[in-house]
Amino acid sequence: MGQYNFDQILDRTHTKSLKYDFAVKRGKPVDVLPFWVADMDFEVPPELKQILLDRVNHGVFGYTESDDEYFEVLQNWFTTRFNWTPEQKWLVKTPGIVFALAMAVRAFTNEGEGVLINQPVYYPFSMVIDDNDRRLINVPLIKGEEKYTIDFEGIERAIVEENVTLFLLCNPHNPVGRVWTEDELKRLGDICIKHNVLIVSDEIHADFVWKGHTHKVFADLGESYAEHCIVCTAPSKTFNIAGLQVSNIFIPNDSLRRRFIKEIDRAGYSQLNTMGIVGCEGAYKVGAPWLDELKEYIQDNIQFTIDYVAKYMPKIHVYRPEGTYLMWLDCSKLPLSPKERDEWIINEAKLWLDTGSMFGVDGEDFERINVACPRKTLEEGLEAWRRAYEARGF
């Protein structure tokens, strides 16, 4: 038995939780069990909770700014966890990584220019491109039987033919669960440097990399790679504090950093909120033991899901994630269209998953499920899906 209790089931209803309180507003039945959005059903580390309570008890919430200690805590985390030591001047703070992606699109491309992504991929990637009137250039990942790979030739061809100047990279990759290797990242970097393409690397899931795999920070590949990239990080997924809205963006290139900050200034954004600063610093300062235990728990949930689906729903194929607590399930062998499948899962299994088409046309045969929850909750969801599966005679 570990120090922390991840089996505890918390009632998140009536807390304005996006995951639990907005089913009806989003067109779902009121009684669906949610496994969709990427936050966790675990309480934050108790040590972090106390830090936040102490700040609340102080009672003053005026303008707040991060200081040297804030950065030192960040730097220690990345040095200890990833053997990467960023410099303080590289840091730019934003309220979220999606905001940072949008700022990068606006700062480094013009309307009508192409921005490259690899679908299926986290759907805000395409949103920030479309919403800013840029052209979405998709070079799909190559789907293998057990994992996805990168179409390097397709990427270089698209960069040249579409005059791409910006590439949004997801590592670890949501939703397919790949943790790109150092060789893969260098090959991507070499292509982008050759054609003067800036890489924005979303590394929000970096703390959830599973046994046998290693996360390599893109800026740590070498100086030339660092000069051509923006690295996006946040404590939100790691410590379940997405609602505190804080991200840490690292930009080693001075010129790129100035342009990025200028775009943030144009947007009218200035400072993080008080609790975001306190939460981020506190989480990285005291959260390591909690995270280490949590990762063991989630890895067990991942294995449980793989085994359960293989045994009871064999027409559904689970891709084992190398990273993230999100699992990518291939439903192409079910005799249902994507729309029929979604209606079956929602109305018969009473589950709220993320349908694969959200991540691009290349994901339409898939469902994404979030397994960062107590085992009892996961069992309840999978058993409901099994009953619906068996009722259909699949």
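**Entry 1. Terms and model**

I begin with a definition: a residue is buried if its relative accessible area is under 20%, exposed if that area is over 50%, and partly exposed in between, with a 1.4 Å probe and protein chains only. The model is predicted, and local features need pLDDT of at least 70, side-chain atom pairs count only at pLDDT 80 or more, and totals for chains, interfaces and linings use all residues. Residues are numbered from 1 along each chain as its sequence is written, and side-chain values use heavy atoms, with hydrogens and water left out.

**Entry 2. The whole chain**

I looked up the helices and strands, which are DSSP runs numbered from the N terminus (helices are H or I, at least four residues; strands are E, at least two). The protein chain has 13 helices and 15 strands. Its radius of gyration is 21 Å, close to the 21 Å that the globule rule gives for 394 residues, so the chain is as compact as a globular protein of that length. I note that this radius is taken over C-alpha atoms, and that the globule rule is 2.2 Å times the number of residues to the power 0.38.

Along its principal axes, the C-alpha trace spans about 60 × 60 × 40 Å. I found that 56% of the 394 residues count as buried. The accessible surface comes to about 17,100 Å², of which 48% belongs to carbon and sulfur atoms; such areas come from the Shrake-Rupley method with a 1.4 Å probe, and for residues only the protein chains shown count as cover.

I then looked up contacts, meaning heavy atoms within 4.5 Å. Among contacts between residues at least 6 apart in sequence, 74% join residues at least 24 apart.

Strands of a sheet pair through backbone hydrogen bonds, either parallel or antiparallel. Two strands are taken to pair if DSSP finds at least two bridges between them.

I followed seven strands that form an open sheet with mixed pairing, in the order β2-β10-β9-β8-β7-β3-β4. The edge strands are β2 (91–94) and β4 (135–138), each pairing on one side only. Neighbouring strands of this sheet are turned by 25 degrees against each other on average, direction ignored. For such angles, axes are lines fitted to C-alpha atoms, for helices over the stretch in contact, and the angles run from 0 to 180 degrees between N-to-C directions.

Within this sheet I checked β3 (residues 114–117) and β7 (residues 166–170), which pair in the parallel sense over two bridges. Leu116 has Phe167 in β7 as its bridge partner.

**Entry 4**

I next traced an open sheet of four strands, ordered β11-β12-β15-β14, with antiparallel pairing. β11 (317–319) and β14 (354–355) stand at the edges with a single partner strand each, so one side of each is left without a neighbour in the sheet.

β11 is joined to β12 (residues 326–330) by three bridges, and His317 stands opposite Asp330 in β12. Five bridges join β12 to β15, and two join β14 to β15. Which residue of β15 is the bridge partner of Trp328? I found Arg368, and Arg368 is also the bridge partner of Asp354.

Five of the five residues of β15 are buried. Phe366, Arg368 and Asn370 point one way from β15, while Glu367 and Ile369 point the other way.

Helix α12 (residues 338–347) lies across β14 and β15 (366–370), running at about 30 degrees to β15. In α12, the residues Arg341, Asp342, Trp344, Ile345 and Ile346 are buried. I saw that the buried residues of α12 pack against β13 (351–352), β14, β15 and α13 (375–391).

**Entry 3. Asn240**

I located Asn240 in the loop between α8 (236–239) and β10 (247–250). Is Asn240 buried or exposed? Asn240 counts as buried, because its relative accessibility is 17%.

A polar atom of the Asn240 side chain lies 2.7 Å from the backbone oxygen of Met40, and one lies 2.9 Å from the backbone oxygen of Phe42. Leaving aside neighbours within four places in sequence, Asn240 is in contact with Asp39, Met40, Phe42, Val44 and Pro235.

**Entry 4. Phe152**

I found Phe152 in helix α5 (residues 152–162). At 8% relative accessibility, Phe152 counts as buried. Apart from neighbours within four places in sequence, Phe152 is in contact with Glu184, Arg187, Leu188 and Ile191. Phe152 and Glu281 are 129 residues apart in sequence and 38 Å apart in space, C-alpha to C-alpha.

Notes. Polar contact = N/O pair within 3.5 Å; in protein donor to acceptor, adjacent residues only side chain to side chain.
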